[in-house]
Amino acid sequence: MKKLAISISGGGALGIGPLQFMCRLEQDLGKKEQDLGKKLGDKAFAFAGTSTGSIIAAGLAEGKSAHELFALYSDNLKKIFTKYPAYKRVLPKCPTYDNSNLKKLLKENFKGKMGDWKKPIYIPVTYMNGDSEEKVWDLGDKDVEKWFAVLTSCSAPKYFDVIEKDGKSMCDGGLWGNDPVMTLQSGLNKSGHSGYKILTFNTGMDTPNTAKGNMTSLDWLKYIFGHWVARSGKANYYEVCANIGAENVFRASPSYKKEIKMDDVSTDTINKVVEIWNKYYDSVRTDILAFMKK
């Protein structure tokens, strides 16, 4: 059986979807592979995650089960997306959401330093005023606090505050690496790993793209941020398949008829996302179980 690595892309509150898939997979594997343990994270040797995906990746690396992480999300999504008061949001630079609840949640669940993790983990972040915008937190950043690495990757522009530390400004890794599957494969290759397979989750799902023709600067900005930043990932999937073989990559990505806002935490929307991923799991159940046993 090949070693398993797991990658989860960004997508805000939509992260509840991949977790529903993981819960179903964890449950099926627990029934059939008792000798391998019941937690999905126990079956993987490496993780990568951007933005909301970094929370999931960190949780799996921390030893939490998919069911525990699902509960963490469902219990806290509305608290995480708490808007700043209206009098603050009228200021041009004020983001929409106050990150204090998110910060508290991460501090409670991810204690210790990056170097404390026993398995490789890769968390993209945008280093706004660093030597390069692209930065990946990994085990080499041994003195960086776990919660801080995850928080920086979750700090989506105009949604949450940019994180400032020691004169450096950091924000969501989704600006350059929303789908971190290539980051994961590159990191493992650099570390000398081979003979593994990757289960990668497209949190934003496959949704229709209706843009066409010339657009205004504002419309181009919306298109680039809403699609190429937040929802692209097939190019990364293509490259990983070319590098390690398509048979060694499973891309979990359900299709849906329209986009769902990544900050919509209404009960109806969250239930809809869970339902989409639940039905998707039913449709690929045979294939994913075969992939896991490969």
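The following legends describe close-up views of a predicted model.

**View A. Packing of helices α5 and α6.**
Two packed helices are described by the angle between their axes and the distance between the axes. For helix α5, which spans residues 100–109, and helix α6, which spans residues 146–153, the angle is about 145° and the axes are 8 Å apart. The crossing of this pair is right-handed. On the α5 side, the contact is made by Leu-102, Lys-103, Leu-106 and Lys-107. On the α6 side, Trp-147, Val-150 and Leu-151 take part in the contact.

Helix α11 covers residues 267–293 and holds both Glu-275 and Lys-272, which are three residues apart, about one turn of the helix. Their side chains meet in a salt bridge with an N to O distance of 3.5 Å. Glu-275 also forms a salt bridge with Lys-279, the closest N and O atoms being 3.1 Å apart. Lys-279 and Glu-275 are four residues apart in α11, again about one turn of the helix. Lys-272 counts as partly exposed because its relative accessibility is 31%, a value between the limits of 20% and 50%. Glu-275, with a relative accessible area of 34%, is likewise partly exposed. Lys-279 has a relative accessibility of 54% and therefore counts as exposed, the cut-off for that class being over 50%.

**View C. The salt bridge between Asp-141 and Lys-135.**
The side chains of Asp-141 and Lys-135 meet in a salt bridge, with 3.1 Å from N to O. Asp-141 counts as buried because its relative accessibility is 15%, and buried means under 20%. The count for the model comes to seven salt bridges, including the pair of Asp-141 and Lys-135.

**View D. A nonpolar surface patch of Trp-220, Ile-224 and Trp-228.**
On the surface, Trp-220, Ile-224 and Trp-228 form a nonpolar patch. Together these residues have about 330 Å² of accessible area. Trp-228 is placed in helix α9, which runs over residues 217–229. With a relative accessibility of 53%, Trp-228 counts as exposed, since that class begins over 50%.

Methods: Residues numbered from 1 in each chain as written. Predicted model: local features only at pLDDT ≥ 70, side-chain atom pairs only at ≥ 80, totals over all residues. Heavy atoms only, no water. Patch = residues over 30% accessible without salt bridge, like charges linked within 9 Å, V, L, I, M, F, W, Y side chains within 5 Å. Areas by Shrake-Rupley, 256 points an atom, 1.4 Å probe, with all protein chains shown as cover. Salt bridge = Lys/Arg side-chain N within 4 Å of Asp/Glu carboxyl O. Helix = DSSP H or I, 4+ residues; strand = E, 2+ residues; numbered from the N terminus. Buried < 20%, exposed > 50% of the residue type's maximum accessible area, 1.4 Å probe, protein only. Axes fitted to C-alpha atoms, helices over the stretch in contact; angles between N-to-C directions. Left-handed = near helix turned anticlockwise from the far one by under 90°. Contact = heavy atoms within 4.5 Å.
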